[in-house]
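Here are my notes on the model, as numbered points. Please read them with the structure open.

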Amino acid sequence: MKRLYHAKLLSADCTRFSDGELWIDEDGVIVFCGVPTESRLAAARFTETRDLGGDYVIPGFKNAHTHSAMVFLRSRAENTQLWPWLSTQIFPREDKLTDEDIYWFTRLAILEYLQNGVTAAFDMYFHANAFYDACIDSGFRAALCGSATADDKESVAKLAALYETYSGKHPRFAVQLGFHAEYTANPDLLKELSKLAEYHKTGVFMHSSETQNEVNDCLSRHGKTPTELFSDLGLYRYGGGAFHGVYLSDHDLDLIHAAGVTLVTCPCSNLKLASGIARVSEWAKRSIPFAIGTDGAASNNALDMFRETHLCTVLQKVRTMDPAALKASDALRAAVSVGARTMGFPDCVSLDAGNQADFMILDSRAPNLNPPISPVETLVYAASPRNVKETVIAGRTLYRDGEFFVGENPETIRAQAAARAERIESEL
Ligand SMILES: [Zn+2]
């Protein structure tokens, strides 16, 4: 058993830090979090003991919506709105991707996640086998959601196979049903997906209401918003989640709340593609669970959850012209806790005993985290990836003081990704 002592530990509700220690067993499970009694400490047997010197320990960020392999499109297409961006810049390049490309691009994204304190990512992409291998080989934790579209006649059969293949395959991997979006689906596909969700009694995930045009087009096609359409077709019968949700009406929010759907906001991507600002403080007011994601590096262009968490709160303040619109602790809970449940990792939500040891250690001596007054607010409004000293997943250190422990030389990963991105450009 490992003992990390002299730490500042984030409470499960993300409202405060308290002094204490963390004990982790050989299986990577937290067995104790807090201040032990003298007798408990005397009885414990440790294989490793470390003084954290008062550093902050918080559960890792859960990046609740991303397309990890899209790092190959980082800064490739700029200054364009969502649909032309997708159709002219992104799709033609994605057509060239092989399994091996996805593997190396995902491994590159994982290095970035680890350096930024991310301990789990909820991905939507294709070539599932390559994504799975990249995550498992790196020691990373991830969930994958399907991305069915109407273009592919086999799409529902492939999604069903994906769900069955990856459900329960590895404790660090989860799978969820999903389709790309209303505008790449049709009612027949959605009805088939609804039957699949009913068969497995599980939720469905999709991009939804990301732009005003998307909602307007859906209204003219179906006389309903995307949320009304999905709800009427039974896609939210077992919950699930919607990514982005920038243009959700009050009626949409009523349906989402009643169905127990989680919303995932991607503030930076929505800003950069000029999509808009989601009404996150309204979601919070209605007690709708919400998580935070980066979206892919093609539209962000970073995989930096510090930045997303910060944007999540400050955008609500300016949107409502109310500095109290969304508290730092609410954004922090969305970033480190809510996303875990959404992905299918309910034992990664906090540092409490019994949960997986997925956490990051932040440098309490960093100038931008001092003086140590109101550390939760400091973490959300002032911290950045440079404060991450260590990232741990399932009790294993995968990143520490600038060094990666992911079973592969980071330089090989970088070189593979660069060469493959160049090849794809040459094939256009
Ligand atoms: Zn997305």
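1. Which residues in helix 13 meet which residues in helix 14? From helix 13 the residues are Ala328, Ser329, Ala331 and Leu332, and they meet Val376, Glu377, Leu379, Val380 and Tyr381 in helix 14. Two residues are in contact here if their C-beta atoms, placed from the backbone, lie within 7 Å. Helices (H or I, at least four residues) and strands (E, at least two) are DSSP runs, numbered from the N terminus.

2. A word on the basis of these notes. This is a predicted model: local features need pLDDT of at least 70, side-chain atom pairs count only at pLDDT 80 or more, and totals for chains, interfaces and linings use all residues. Residue numbers start from 1 along each chain as its sequence is written.

3. On the geometry of that helix pair: helix 13 (residues 328-343) and helix 14 (residues 375-382) pack with their axes 9 Å apart, at an angle of about 70 degrees. Axes are lines fitted to C-alpha atoms, for helices over the stretch in contact, and angles run from 0 to 180 degrees between N-to-C directions. Helix 13 and helix 14 are therefore roughly perpendicular to each other; angles under 35 degrees count as roughly parallel, over 145 as roughly antiparallel, 65 to 115 as roughly perpendicular and the rest as oblique. The crossing of helix 13 past helix 14 is left-handed. The term applies if the near helix is turned anticlockwise from the far one by less than a right angle, and a crossing is right-handed if clockwise.

4. On domains: the assignment divides the chain into domain 1 (2-59 + 353-404) and domain 2 (61-346), with bounds that come from an automatic or database domain assignment. Taken over C-alpha atoms, the centres of domain 1 and domain 2 are separated by 29 Å. Domain 1 gives 23 residues to the contact and domain 2 gives 23 residues. On the side of domain 1 that touches domain 2, the elements giving two or more residues are strand 5 (56-59), helix 14, strand 15 (388-393) and strand 16 (396-400). Helix 14 supplies the largest share of that side, five residues.

5. Isoleucine 58 deserves a look. It is found in strand 5 and counts as buried, with 26 C-beta neighbours inside 10 Å. A residue is buried if 20 or more other C-beta atoms lie within 10 Å of its own, exposed if 12 or fewer, and partly exposed in between, with C-beta atoms placed from the backbone. Not counting residues up to four places away in sequence, isoleucine 58 touches Leu10, Val336, Phe359, Met360 and Leu362. Its C-alpha atom is separated by 10.0 Å from that of threonine 391, 333 residues apart along the chain.

6. On the core: the largest nonpolar core has 139 residues, of which Leu22, Val57, Val71, Phe105, Phe131, Leu193 and Leu332 touch the most other members. Helix 3 (residues 99-115) gives the largest share of this core, ten residues. Domain 1 and domain 2 both give residues to this core, so it lies between them. Such a core is a set of buried Ala, Val, Leu, Ile, Met, Phe, Trp, Tyr and Cys residues joined through C-beta atoms within 7 Å. Phenylalanine 105 is in contact with Ala69, Val71, Phe72 and Ala417, leaving aside its neighbours within four places in sequence.

7. Helix 3 also packs on helix 4 (residues 128-138): their axes come within 8 Å and cross at roughly 40 degrees, in a right-handed crossing. Among the residues that meet are Ile102, Tyr103 and Thr106 in helix 3 and Phe131, Ala134 and Cys135 in helix 4. Alanine 128, in helix 4, counts as buried, with 20 C-beta neighbours inside 10 Å.

8. Backbone points to check. Most residues other than glycine have a negative phi, and most peptide bonds are trans. A cis peptide bond joins asparagine 300 and asparagine 301, with omega about 10 degrees; asparagine 301 is in the loop between strand 13 (290-292) and helix 12 (305-320). Another cis bond joins asparagine 370 and proline 371, with omega about -5 degrees. Cysteine 14 has a positive phi, near 60 degrees, and counts as buried with 25 C-beta neighbours inside 10 Å. Alanine 274 has a positive phi near 55 degrees, but is exposed, with 11 other C-beta atoms within 10 Å.
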